[in-house]
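Have the viewer open as you read.

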Amino acid sequence: MATGFIPYTRDVEVADPQFDQNLQTVIGKTERYIADSVESEGTGRAVRDAHAKGYGLVRAEVEILGGLPTEYAQGVYAAPGRHEALIRFSNGSPHAGADARLGTAAGLALKIFGIDGPILLEDERDTRTFDYANINAPIFFCNTVEHYLFIQDLFLQAPAYFAEGRPGVHRFYRDFVTGKGTLDQEDWAWDEFLAFLRLSQLPKVNVLLSSYWTMGAVRHGDYIAKVRFAPDPVSADGVVRRAMDIASAPEVFRPALVAELGERPYAFDIQVQLCTDLERMPVEDLTVEWPEKLSPFVTVAKLRIPQQDISGEDNLEKMDALSFTPWRVTAEHAPLGNIMRARKEVYRRSSILRHKLNQQQREEPRSADELLP
């Protein structure tokens, strides 16, 4: 083991005795929302309970770099090589509709093809696909499945709160901090609320200009890490449509993405930040940003996006039929912590229901060629 990096052991995660009970409640609420969304969201189809609106499905390639230090050359990054990939850019909201209504939280979901080894999803061990489901912030607004129960309700009901103007906003804030009145004052969700406020102030920029994090910690072979997709500086400098005026039109993020990729290629750096201090770089507290002064991000791969046309409606249809989950990975990259563990079954069950309601075949593609020219 390299000096300074915390080795992965099972005890870096803290067991929650109420986890299974709370998880089943979250799954039930999620499935009810997805079933109701066919009518409530006005799209005529069931939507995801998060990242409901996609901006585009993009062909890409992942180049795993050679010559990496041993502690970074772990798992799928142990040997250099090139892999086909697909990207789904999305808004983070559970709702569909105009961009101005949804805010600026965004996601970059990545599907890498040709990865050997059994996948952690028991019903699809041999897909040879490997997913990331990253968000455009280094923190998240929820630390426990227990708190997610009321935070999930708040986000699903957010349009109703905000439609009341300032009184509704104030009520939303109060219900967030107090757990809708269920938390004792000494247990109020201040850290999670402050993380939410920080996320609500994300800049209104082209989705190509954001960095995207794994949200929680993940295994990195023998170590513990967070993974970030950071815009390649040269590519970022070439972006023409930079700041987004979300009040200027119902759709601003997708047209800007379509235009940029229609004119030039793009690239992100896939970077790994290894944990060196479990107190200041916690696994279970997702509201804490891991300080880069304790451990810098190191580039382990390039995510290259060729120039391409994603303007067609069929692009959105193909994107909608795909499934992404942070648990479609090998054991060397398992998500860590209670919230990340909850995502395994929530994502799986919601995907199964959404595909069933939309009469879509739920099957992993074998290559990007099956979906995009």
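## Two domains

The chain splits into domain 1 (18-135 + 203-358) and domain 2 (138-201), with bounds that come from an automatic or database domain assignment. Their C-alpha centres sit 23 Å apart.

Before going further, some housekeeping: this is a predicted model, where local features need pLDDT of at least 70 and side-chain atom pairs count only at pLDDT 80 or more, while totals for chains, interfaces and linings use all residues. Residues are numbered from 1 along each chain as its sequence is written, and side-chain values use heavy atoms, with hydrogens and water left out.

## Where the domains meet

Domain 1 puts 26 residues in contact with 20 residues of domain 2, contact being heavy atoms within 4.5 Å. About 2,000 Å² is buried between the two, and carbon and sulfur atoms give 63% of that; buried area here is the accessible area (1.4 Å probe) that two parts lose on being put together, summed over both. On the domain 1 side, Lys 29, Thr 287 and Ile 339 supply 27% of the area buried against domain 2, more than any other three residues.

Glu 289 and Arg 198 form a salt bridge, with their closest N and O atoms 2.7 Å apart.

Which helices show up on the domain 1 side? Both α1 (19-40) and α10 (338-357) supply at least two residues each, and α1 gives the most, with eight residues. Helices (H or I, at least four residues) and strands (E, at least two) are DSSP runs, numbered from the N terminus.

## An enclosed strand

Now for strand β8 (residues 266-274): nine of its nine residues are buried, so β8 is largely enclosed by the rest of the structure. Buried means under 20% relative accessible area, exposed over 50%, partly exposed in between (1.4 Å probe, protein chains only). One side carries Tyr 266, Phe 268, Ile 270, Val 272 and Leu 274, the other Ala 267, Asp 269, Gln 271 and Gln 273.

Strand β8 runs antiparallel to β7 (residues 223-231), joined by seven bridges; strands pair if DSSP finds at least two bridges between them. Here Ala 230 stands opposite Asp 269. Seven bridges also join β8 to β9 (residues 298-305), again antiparallel, and Tyr 266 has Ile 305 as its bridge partner there.

Methods: Salt bridge = Lys/Arg side-chain N within 4 Å of Asp/Glu carboxyl O.
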